[in-house]
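I opened the notebook to record what I could look up in this chain, going from the overall layout to single residues.

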Amino acid sequence: MNFKEILELIDKVAERGIAGVEIEQAGTKLRIEGKPAQPQVIHSYVGDARNDAPMVAGPQHAALPAPSAASQPGAAAAPAKAPEEQGSHIITSPIVGTFYRSPNPAQPAFVNVGDRVTKGQVLCIIEAMKLMNEIESDADGVILAIYPQNGQPVEYGQPLFAIKV
């Protein structure tokens, strides 16, 4: 093998995403390692036309602030103020990660707006560094609002649920 053939082989390995190739020819051994292929995980969620709005129960809807402020950096705590003033309890994200309402796309959500929850009940999953972290309720009550959408990234301290205690 000449230098030009080796360069072409390197290009082919990189181009096709091959993890590696090893060739032995006339007592010469050549090993070319490409970047390991990253497994691609695709999550899908079909939402409604109000995709940006938090899920809210009954008459409290008018009292909640617009959710667009929650998507702006530094404004994560803004949606929490109105429900707290109404005597509700806000559950915030204990970690940075991706918010999921159900254990997998084929299963129903852990909770929905209007559901009664008990202390210790799993409300959602936050995926962080390929680990699925179950987020449990720290109070008994009824779900008033679910702020993040399924599959949405969440920050530490960002409101996840409003619960009427």
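Which pattern does the chain follow when read along the sequence? I read it as α-β-β-β-α-β-β-β-β-β-β-β-β, where helices (H or I, at least four residues) and strands (E, at least two) are DSSP runs numbered from the N terminus. In total I found 2 helices and 11 strands in the chain.

Before going on, I noted that this is a predicted model, in which local features need pLDDT of at least 70 and side-chain atom pairs count only at pLDDT 80 or more, while totals for chains, interfaces and linings use all residues. Residues are numbered from 1 along each chain as its sequence is written, and side-chain values use heavy atoms, with hydrogens and water left out.

Entry on confidence. I looked up pLDDT, the predictor's confidence in each residue, from 0 to 100, and found a chain average of 75, with 68% of the residues scoring at least 70. Over residues 42-52 pLDDT stays under 50, and the model has 9 contacts beyond four places in sequence for them, a contact meaning heavy atoms within 4.5 Å. Over residues 59-81 pLDDT also stays under 50, and here I noted 26 contacts beyond four places in sequence. Where pLDDT is low, the predicted coordinates should not be read in detail.

Entry on the sheet. I traced an open sheet of 4 strands in the order β8-β7-β5-β10, with antiparallel pairing; two strands pair if DSSP finds at least two bridges between them. Its edge strands are β8 (131-136) and β10 (153-154), each of which pairs on one side only. Strand β7 (residues 122-128) runs antiparallel to β8 and is joined to β8 by 6 bridges. Along this pair I found Val122 opposite Glu136 in β8, and Ile125 opposite Glu134 in β8. The hairpin of β7 and β8 has 2 residues between the strands, and in this hairpin Met129 takes a positive phi near 55 degrees.

Of the contacts in the chain with a separation of 6 or more, 55% are between residues 24 or more positions apart.

Entry on one helix residue. Finally I looked up Leu7, which lies in helix α1 (residues 3-16). I listed Leu7 as partly exposed, because its relative accessible area is 39%.

Methods:
Buried means under 20% relative accessible area, exposed over 50%, partly exposed in between (1.4 Å probe, protein chains only).
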